Amino acid sequence: MAGLDKMKSQILSEAKATADEKTAKANAEAEEIISQAKAEAEKRQSSISQKSAAEVANYKERIVSSTDLRHRTKILGAKQELIAAVLDKAYETVTNLNDKEYFELILKLLGKYALPQEGEIFFSAADLKRMPTGFEQDAQQSAKANGGSLKVSRQGKNIENGFVLVYGGIEENCTLRAIFDAKRDELSDKVHRMLFS
C-alpha cells in the first residue's frame with residue numbers, strides 16, 4: 001500500500017503543480033487583462049478630461065468673445081450718438097448764424113454748387129426778407145466766376161434755409177439740411193477723427 005500511497009501522493013503533487021501552474025498562468029492573464037483595462041480606462045479618462053477641458057476652454061472663449069462684442073457694440077453706439085450730437089449741434093450753429101455770416105456762407109456754397117449755365121436761385125420767404133443789400137450782385141458774381149449766371153427769384157420757396165438752384169426746370173436742393181445729409185458720412189468721419197484719434 002505504501003507504493004499506492006506514494007503513487008497517489010505523486011499524482012496529487014503533479015496535479016497540484018499543474019493546477020498551481022494553470023492558476024498562476026490564469027492569474028497572470030487576469031493581471032494582464034486588468035492592466036490593459038486600467039490602461040484603456042486611464043486613456044479614456046484622459047481623452048474625456050481633455051475633451052471636457054477643451055469644451056470648457058471653448059465655452060470660456062465664446063463668453064469672452066460675446067462679452068467683448070457687446071462691449072464694443074456699446075462703445076460704437078455711444079460714439080455714434082456723440083458724433084450725431086456734434087453734427088446736430090453744428091447744424092444748429094450754422095442755422096443760427098447772424099445775417100452777415102449766414103449770407104457769406106451762402107455765397108461760399110454758391111461758389112461750389114453754381115453751374116456754368118443760366119439759372120435761377122430760390123430762397124425761403126424769411127431769407128428773402130433778411131437778404132443784405134448787394135447780395136444779388138454778389139450771387140451773380142459767384143455764378144459768373146463758375147461760367148454761369150443766376151437770377152434771384154422774388155418768389156419764396158417752401159424751404160427752411162439755404163437755397164434751391166433751378167437750371168432748365170431741374171432743381172438742385174442746396175438747403176443746409178440737404179447738404180448736411182449728403183455729407184453726413186464724410187462729416188461723421190471727420191468728427192470721429194477729431195474726437196477719437
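The model is predicted. Its open sheet comprises four strands in the order S2-S1-S3-S4, with mixed pairing. Six aromatic pairs are found in a search of the whole structure, and ring pairs join Tyr 102, Phe 103, Phe 123, Phe 135 and Phe 163 into a cluster.

**The sheet**

- The open sheet of four strands, ordered S2-S1-S3-S4, has mixed pairing.
- Strands S2 and S4 (170-174) stand at the edges with a single partner strand each, so one side of each has no neighbour in the sheet.
- Averaged over the sheet and with direction ignored, neighbouring strands are turned by 25° against each other.
- S1 pairs with strand S2 (residues 149-152) in the parallel sense, over four bridges. Within this part of the sheet, Gly 119 has Leu 150 in S2 as its bridge partner.
- The pairing of S1 with S3 is antiparallel and runs over three bridges. Phe 122 stands opposite Val 164 in S3.
- S3 and S4 also pair in the antiparallel sense, over five bridges. Here the bridge partner of Leu 165 is Glu 172 in S4.
- Helix H2 (residues 99-113) packs on the sheet and touches S1, S2, S3 and S4. The direction of H2 makes about 30° with that of S3.
- In a regular strand, side chains alternate between the two faces of the sheet.

**Aromatic pairs**

- The search of the whole structure finds six aromatic pairs. One of them, formed by Phe 123 and Phe 135, is edge-to-face, with 5.8 Å centre to centre and 75° between the planes.
- Phe 123 lies in the loop between strand S1 (118-122) and helix H3 (125-130), while Phe 135 belongs to helix H4 (residues 135-145), so this pair ties together parts that are 12 residues apart in sequence.
- Phe 123 has a relative accessible area of 0% and is therefore buried. Phe 135, at 2% relative accessibility, likewise counts as buried.
- Phe 123 also pairs with Phe 163: the ring centres are 6.2 Å apart and the planes stand at 55°, so the pair is tilted.
- This second pair links distant parts of the chain, with Phe 123 in the loop between S1 and H3 and Phe 163 in strand S3 (residues 163-167), 40 residues apart. Both Phe 123 and Phe 163 are buried.
- Through ring pairs, Phe 123, Phe 135 and Phe 163 belong to a cluster that also includes Tyr 102 and Phe 103.

**Charged groups over rings**

- Arg 130 lies over the face of Tyr 102, at 4.0 Å from the ring centre. Tyr 102 is itself one of the residues in the aromatic cluster.
- The ring of Phe 122 has the charged end of Lys 157 over it, 5.0 Å from the ring centre.

**Ser 188 in helix H6**

- Ser 188 is part of helix H6 (residues 184-196).
- With a relative accessible area of 18%, Ser 188 is buried, because residues under 20% fall into that class.
- Apart from its neighbours within four places in sequence, Ser 188 is in contact with Ile 83 and Leu 87.

Methods: Residues are numbered from 1 along each chain as its sequence is written. This is a predicted model: local features need pLDDT of at least 70, side-chain atom pairs count only at pLDDT 80 or more; totals for chains, interfaces and linings use all residues. Side-chain values use heavy atoms; hydrogens and water are left out. Rings of Phe, Tyr and Trp (its six-membered ring) pair if their centres lie within 6.5 Å; planes under 30 degrees apart count as stacked, over 60 as edge-to-face and the rest as tilted. Helices (H or I, at least four residues) and strands (E, at least two) are DSSP runs, numbered from the N terminus. Buried means under 20% relative accessible area, exposed over 50%, partly exposed in between (1.4 Å probe, protein chains only). A charge sits over a ring if NZ of Lys or CZ of Arg is within 6 Å of the ring centre and within 35 degrees of the ring normal. Two strands pair if DSSP finds at least two bridges between them. Axes are lines fitted to C-alpha atoms, for helices over the stretch in contact, and angles run from 0 to 180 degrees between N-to-C directions. Contact means heavy atoms within 4.5 Å.
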